[in-house]
Amino acid sequence: MQNTRNTMQRDIVLNAVLESCTHPTADNIYHEVHEAHPHISRATVYRNLSVLSGEGKIQKITHTGTADRYDFNLSHHYHFRCTACDKVFDIDLPYDEGILGRVPNKAGFRLSGCEVMFTGLCPACVAAEAAPGAETAGSNKAYSQQNDIFGGTETWQN
């Protein structure tokens, strides 16, 4: 049986995810936590992210070919990943609760869920692409954007 006792380190890792609105990677969370708590190791952060997602306190977002991300929003919702800067955003689109019931299932699969990840360019990367000589949001510049399509304000720095 896995030890699920609450620890100070787990609370620190959970708070780092809860305070982030950027769908951070485990490495992003480690750097955030380590800056304020240098005694907390990378292994401790990764282990606690696994426990927290396993307990359903945070959501682990997995997309082939990219690092796992973490989300405090536990409701069913869709995500968008920018293929230029690799940022992940929530999409403000009503979740289709009935989608599983509409999947043809002649092979007899037992469906338990569905994950949808939209991909393309975020508004900052579209704007950067349009500007001659400009860098994408994934470069070393800091970007801040307000975009109603993706449900609010996202601020990030690389």
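Mentor: Glu-55 is partly exposed, with a relative accessible area of 30%, where the label covers the range between buried (under 20%) and exposed (over 50%), computed with a 1.4 Å probe on protein chains only. This is a predicted model, in which local features need pLDDT of at least 70 and side-chain atom pairs count only at pLDDT 80 or more, whereas totals for chains, interfaces and linings use all residues. Residues are numbered from 1 along each chain as its sequence is written, and side-chain values use heavy atoms, with hydrogens and water left out.

Trainee: With which residue does Glu-55 form a salt bridge?

Mentor: A salt bridge is counted when a side-chain nitrogen of Lys or Arg lies within 4 Å of a carboxyl oxygen of Asp or Glu. Here the partner of Glu-55 is Lys-57, with the closest N and O atoms 3.4 Å apart, and Lys-57 is likewise partly exposed, at 38% relative accessible area.

Trainee: How many salt bridges does this rule give?

Mentor: The count comes to six, and one of them joins the side chains of Asp-27 and Arg-42 at 2.3 Å, N to O. Asp-27 lies in helix H2 (residues 26-36) and Arg-42 in helix H3 (residues 42-54), so this pair ties together parts that are 15 residues apart in sequence. Helices here are DSSP runs of H or I with at least four residues, strands are runs of E with at least two, and both are numbered from the N terminus. Asp-27 is partly exposed at 29%, and Arg-42 is partly exposed at 37%.

Trainee: What span does H3 reach from its first C-alpha to its last?

Mentor: The expected span of a helix is 1.5 Å times one less than its number of residues. H3 has 13 residues and reaches 18 Å, close to the 18 Å expected.

Trainee: Which residues of H3 are buried, and against what do they pack?

Mentor: The buried residues are Thr-44, Val-45, Asn-48, Leu-49, Val-51, Leu-52 and Ser-53. Reading contact as heavy atoms within 4.5 Å, one finds that these buried residues pack against helix H1 (8-18), H2, strand S1 (59-61) and strand S2 (69-71). H3 is followed by Gly-56, whose phi is positive, near 80 degrees.
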